[in-house]
Amino acid sequence: MTQKNRGILTVVSGFSGAGKGTIMKELMREHADCYALSVSATTRDPRPGETDGVEYFFRTREEFEQMIAEDALIEYAEYVGNYYGTPRTYVEEQLSAGKDVILEIEIQGALKIKKKFPETLLLFVTTPSAAELKQRLIGRGTESVEVVESRLARAVQEADGIEAYDYLVVNDVLSESVEEVHQMIRNEHRRVSRNINAIHNMRSELEDFMRHNEKGKEQ
Ligand code: 5GP
């Protein structure tokens, strides 16, 4: 029972503009000691306020391709003309140390991760409606009309893959979505298939008690 279990790997995807980044920031603020958030590498330009090594590791295409060649990424994908990928070392170290790791990645990457690590928990964040999604993308004001349009087009494609996910997070009230994600991961720790060692230990302790009782009766 005392042996520390491997951490749970959770992938959070969702339509661009659905608020998954904000949910993740809040989750980390409120439960920093529970989770390790993986920082991805990307070839896209930093948005105002983004810092290398915090939101992303901002890399050139050449540098990114070098990481691919060195097998330094667990997965990578192209999204709206740029590469995005998950550095391997951090994720593996944290999971082995028993930390729950969260990847905030798009759907192609999520499906690759699920294939490689079938125990991964997949969460998909949406807005309550498509109209709300469009409004949030325009309202963000950090992207050009072309980028908003290509992100909406991408949302149409991604909507096709949602069935592969385990749970939907309908992001209406931020604080509720944050708590929901936290509870989904907490519940995942209670899954029987993740507690096989503890169950075996309990079974053999119970059998020991039985044997002791029977011995007591015989005397
Ligand atoms: P953004 O440019 O808005 O920061 O991210 C664009 C998309 O790329 C988002 O859906 C985000 O979740 C996804 N993304 C970020 N990092 C990774 C990654 O390491 N791998 C993959 N496959 N997607 C990522």
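1. Ground rules. Since this is a prediction, local features need pLDDT of at least 70 and side-chain atom pairs count only at pLDDT 80 or more, while totals for chains, interfaces and linings use all residues. Numbering runs from 1 along each chain as its sequence is written, and side-chain values use heavy atoms, with hydrogens and water left out.

2. Who surrounds the ligand. The shell holds 16 residues, with Ser40, Arg44, Tyr56, Tyr84 and Glu106 the closest (near means a heavy atom within 4 Å). Sorted by class, that shell has 5 nonpolar, 4 polar and 7 charged residues. Here Ala, Val, Leu, Ile, Met, Phe, Trp, Tyr, Cys and Pro count as nonpolar, Asp, Glu, Lys and Arg as charged, and the others, Gly among them, as polar.

3. The side chain of Tyr56 puts an N or O atom 2.6 Å from a ligand oxygen. Arg151 has a side-chain N or O atom 2.9 Å from a ligand oxygen. On its own the ligand exposes 510 Å², and the protein buries 95% of that (Shrake-Rupley areas, 1.4 Å probe).

4. The largest pocket. This is where the ligand sits, meaning that more than half of its atoms lie within 2 Å of the grid points. A pocket here is an open set of points on a 1 Å grid over the protein atoms alone, where a 1.4 Å probe fits, with protein on both sides within 12 Å along at least five of seven lines; lining residues have an atom within 4 Å of a point. About 1,100 Å³ of space lies in it. Of its 38 lining residues, Gly21, Arg44, Arg47, Tyr56 and Glu104 lie nearest the centre. H1 gives the most to this lining, with 6 residues.

5. The second largest pocket. Expect about 470 Å³ of space here. It is lined by 17 residues, and Asn5, Arg6, Gly7, Glu119 and Arg194 are the closest to its centre. Helices H7 (174-189) and H8 (196-218) each supply at least two lining residues. The lining splits into 5 nonpolar, 7 polar and 5 charged.

6. The ends of H5 (residues 130-140). Helices are DSSP runs of H or I with at least four residues. Ser129 caps the N-terminal end, with a side-chain oxygen 3.1 Å from the backbone nitrogen of Glu132. After H5 comes Gly141, whose phi is positive, near 65°.

Technical notes: A polar contact is a pair of N or O atoms within 3.5 Å; within protein, one must be able to donate a hydrogen and the other to accept it, and residues adjacent in sequence count only if both atoms are side-chain atoms. Grid points are joined across faces, edges and corners, and a volume is the space filled by probe spheres set on the points.
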